Amino acid sequence: MYTGPTLTGEQIQTFALSTPSTMPWKRIIRIQSDASVVYVTYETVGDTVEADDINRVQEAVVKTQGGVNAEEARATSAEAELTRNLQTEADRAAAEELRLDGRIDAEMARAQEAEEVLSLRLDAEVTRAETAEQENADAIAVEASRASAAEKVLTDNLAAELSRATGAEQQVADDLQAFAEDVITKEEIDALDGIEPEPPENQYRPMTVEEIDNIINQ
């Protein structure tokens with residue numbers, strides 16, 4: 001290993017060569033040098049064959065390794081970015097889930113409270129309606145009983161009044177009949193006194209109310 005190409009520059013003696021246990025075909029060289037560029041050659045002093053082809057392969061390997069390292073770094077960065085984004089999204093989803101859970105719990109509590117209030121109001125309304133229905137039924141029963149009793153009183157009073165009126169009517173008729181049998185007509189009195197009878201047009205005149213009352217009172 002030299003600091004210049006083709007065995008030029010300062011030769012570097014401080015390096016370590018190792019083989020990974022999982023990749024026995026690979027060699028890892030760790031170089032301790034202050035030089036910015038180091039050239040690794042497979043040539044030695046006195047070789048008759050140039051090793052530039054190996055150097056070109058080495059340069060291509062270095063470029064390839066650089067690309068691999070860059071891609072690995074990019075992939076690692078992208079993976080880290082994706083991990084951060086995923087974690088951010090997971091945190092956001094968890095926070096949103098907690099917020100929704102809180103709103104759901106609040107809504108469930110509100111709905112349960114409203115349901116309990118409605119249930120209490122419904123029970124109270126059912127009780128009030130049943131009480132009012134019972135009061136109406138009792139009032140109807142009382143009114144029906146009162147109306148039936150009043151109807152019976154009216155019926156009894158009407159029957160009594162009809163009986164009394166019928167009896168009174170019959171009594172008046174009987175009294176008139178008895179009086180008619182006992183009384184002496186005006187014509188008979190006039191005949192006894194020698195008075196000529198009244199003209200025929202007054203003979204059968206109807207009796208006045210006063211005359212009927214006098215007869216009843218007698």
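These are my notebook entries on a predicted model.

**Ground rules**

I took this as a predicted model, where local features need pLDDT of at least 70, side-chain atom pairs count only at pLDDT 80 or more, and totals for chains, interfaces and linings use all residues. Residues are numbered from 1 along each chain as its sequence is written, and side-chain values use heavy atoms, with hydrogens and water left out.

**Entry 1: layout**

I looked up the elements first. The protein has four helices and four strands. Helices (H or I, at least four residues) and strands (E, at least two) are DSSP runs, numbered from the N terminus. From that terminus I read the order β-β-β-β-α-α-α-α. I noted that α1 spans 52–182.

**Entry 2: surface and contacts**

I looked up the accessible surface, which comes to about 18300 Å². Carbon and sulfur atoms hold 58% of that surface. Accessible areas come from the Shrake-Rupley method with a 1.4 Å probe; for residues, only the protein chains shown count as cover. Of the 218 residues, 5% count as buried. Buried means under 20% relative accessible area, exposed over 50%, and partly exposed in between (1.4 Å probe, protein chains only). Then I checked contacts (heavy atoms within 4.5 Å). Among those between residues at least 6 apart in sequence, 31% join residues at least 24 apart.

**Entry 3: nonpolar patch**

Which residues make the nonpolar surface patch of about 360 Å²? I found Phe15, Leu17, Ile29 and Ile31. Patches are made of residues with over 30% relative accessible area and no salt bridge; like charges are joined within 9 Å, and nonpolar side chains (Val, Leu, Ile, Met, Phe, Trp, Tyr) within 5 Å. Strands β3 (15–18) and β4 (28–31) are the elements that give two or more residues to this patch. I looked at Leu17 in particular, found in strand β3. Leu17 counts as exposed because its relative accessibility is 55%.

**Entry 4: largest pocket**

I looked up the largest pocket next. Its volume is about 820 Å³. The search runs on a 1 Å grid over the protein atoms alone; a pocket is an open set of points where a 1.4 Å probe fits, with protein on both sides within 12 Å along at least five of seven lines, and lining residues have an atom within 4 Å of a point. Grid points are joined across faces, edges and corners, and the volume is the space filled by probe spheres set on the points. I found 25 residues in the lining. Nearest the centre lie Ile29, Ile31, Val40, Gln58 and Val62. Ile29 and Ile31 are also in the nonpolar patch. β4 and α1 each supply at least two lining residues. Which element gives the most to the lining? I found α1, with seven residues.

**Entry 5: salt bridges**

Side chains of opposite charge can pair when their charged atoms come close. I found nine salt bridges in the structure. The criterion is a side-chain nitrogen of Lys or Arg within 4 Å of a carboxyl oxygen of Asp or Glu. I looked at three of them.

- Arg92 pairs with Glu89, the closest N and O atoms being 2.6 Å apart. Both lie in helix α1, three residues apart, about one turn. Arg92 is partly exposed at 46%, and so is Glu89 at 39%.
- Glu96 meets Arg99 at 2.4 Å, N to O. About one helical turn separates them, because they are three residues apart in α1. Glu96 is partly exposed at 29%, and Arg99 at 40%.
- Glu125 meets Arg128 at 2.6 Å, N to O. Both lie in α1, three residues apart. Glu125 is partly exposed at 40%, and Arg128 at 47%.
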